[in-house]
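Here are some exercises to work through with the structure open beside you. Try each task before you read its solution.

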Amino acid sequence: SENLLRLSIDEYSTGLGILEDMDNEIIKLKTAYKKKKYLNERFYWQEIDRKNAELRQVSAKKYEAKMKSVTYFTKSIEYLDQIQHVEIRNEPRFLNFQSKLYQVYVSSQYDLQNFKPCLPILERYIAISDANAKDIWAYKYMASCYGYM
C-alpha cells in the first residue's frame, strides 16, 4: 500500500509538472509576442489574423498539456483505488492528497470539456470529508457538469 501511494504521488507530481511547464511556456510565448515588432501589417485585418493565430497557438499548447496531465492524474487515481490498507486510507495525509488529486483532475477535465468523467470524481471528493462536503468549488463544477448532461 505504501508503494502504491508513492507511485500515485509520483504520477500526480508528473502531471503537475506538465501543467507548470505549460504555464511557463505560455508566459514565454506571450512575452515574445509583445516584444516582436509587426511592421509589415498594413491593414487592420492582418493584425486581427495575427492575434487569432497567437491565441490558437496558446490554446493548442494548453490543450496538449492538459491532455497529457490528465493521463497521469488518471493513473494516480487508479493507484489510489488499489490501496487496500485501512490505516493508510484513514491517514490525514492520504485524505489531503486524495482531495488535491481530485481537484486537479476535475479542473483539468473540465477545461478540456470532458464533463462526464468529472461527476463520479466530484461525488467521491464530496464523500471524503465534511470539509469537502461544504466546499462550494465542488458544487459549482458539479452543477455545471449536470447542466451539460
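Buried means under 20% relative accessible area, exposed means over 50%, and partly exposed lies in between. Keep in mind that this is a predicted model.

**Exercise 1. Find Ser108, decide whether Ser108 is buried or exposed, and list what Ser108 touches.**

Step 1. Start with the place: Ser108 belongs to helix H4.

Step 2. Apply the cut-off. The relative accessible area of Ser108 is 1%, so Ser108 is buried.

Step 3. Look for partners beyond four places in sequence. Ser108 touches Leu19, Lys66, Ser69, Val70 and Phe73.

Step 4. Check a distance along the way. Ala65 is 43 residues from Ser108 along the chain, and their C-alpha atoms are separated by 9.7 Å.

**Exercise 2. Describe how helices H1 and H2 are arranged, and what kinds of residue make their contact.**

Step 1. Recall what is needed: two packed helices are described by the angle between their axes and the distance between the axes.

Step 2. Read off both values. H1 covers residues 2-35 and H2 covers residues 44-82; their axes come within 7 Å and cross at roughly 170°.

Step 3. Classify the angle. Angles over 145 degrees count as roughly antiparallel, so H1 and H2 are roughly antiparallel to each other.

Step 4. Sort the residues of the contact of H1 with H2: 17 are nonpolar, seven are polar and eight are charged.

**Exercise 3. Examine the aromatic pairs, and name the geometry of Phe115 with Tyr148 and of Tyr125 with Trp137.**

Step 1. Rings pair if their centres lie within 6.5 Å. By this rule there are eight aromatic pairs.

Step 2. Take Phe115 and Tyr148. Their ring centres are 4.7 Å apart with 50° between the planes, and the pair is tilted.

Step 3. Phe115 lies in the loop between helix H4 (92-111) and helix H5 (118-128), while Tyr148 is in helix H7 (residues 136-148), so the pair ties together parts that are 33 residues apart in sequence.

Step 4. Compare their accessibility. Phe115 counts as buried at 12%, whereas Tyr148 is exposed at 57%.

Step 5. Now take Tyr125 and Trp137. The ring centres are 5.4 Å apart and the planes stand at 70°, so this pair is edge-to-face. Tyr125 is in helix H5 and Trp137 in helix H7, twelve residues apart, and the pair links distant parts of the chain.

Step 6. Tyr125 is buried at 2%, and Trp137 is partly exposed at 22%.

**Exercise 4. Which residues of H5 are buried, and what covers them?**

Step 1. In H5, the buried residues are Cys118, Leu119, Ile121, Leu122, Tyr125, Ile126 and Ile128.

Step 2. An α-helix has 3.6 residues a turn, so residues three or four places apart point the same way.

Step 3. Find the cover: H2, H4, helix H6 (130-133) and H7 are among what covers the buried residues of H5.

**Exercise 5. Which ring does the charged end of Arg50 sit over, and is Arg50 buried or exposed?**

Step 1. Arg50 is part of helix H2.

Step 2. Its charged end sits over the ring of Tyr38, 3.7 Å from the ring centre.

Step 3. The relative accessible area of Arg50 is 18%, so Arg50 is buried.

Step 4. Not counting residues up to four places away in sequence, Arg50 touches Tyr38 and Glu41.

**Exercise 6. What is the phi of Gln113, and where does Gln113 lie?**

Step 1. Most residues other than glycine have a negative phi.

Step 2. Gln113 is not a glycine, yet has a positive phi of about 65°.

Step 3. Gln113 lies in the loop between H4 and H5, and is exposed, with a relative accessible area of 59%.

Technical notes. Residues numbered from 1 in each chain as written. Predicted model: local features only at pLDDT ≥ 70, side-chain atom pairs only at ≥ 80, totals over all residues. Heavy atoms only, no water. Axes fitted to C-alpha atoms, helices over the stretch in contact; angles between N-to-C directions. Helix = DSSP H or I, 4+ residues; strand = E, 2+ residues; numbered from the N terminus. Parallel < 35°, antiparallel > 145°, perpendicular 65-115°, else oblique. Nonpolar A, V, L, I, M, F, W, Y, C, P; charged D, E, K, R; others polar. Phe/Tyr/Trp six-rings, centres within 6.5 Å; stacked < 30°, edge-to-face > 60°. Buried < 20%, exposed > 50% of the residue type's maximum accessible area, 1.4 Å probe, protein only. Lys NZ or Arg CZ within 6 Å of the ring centre and 35° of its normal. Contact = heavy atoms within 4.5 Å.
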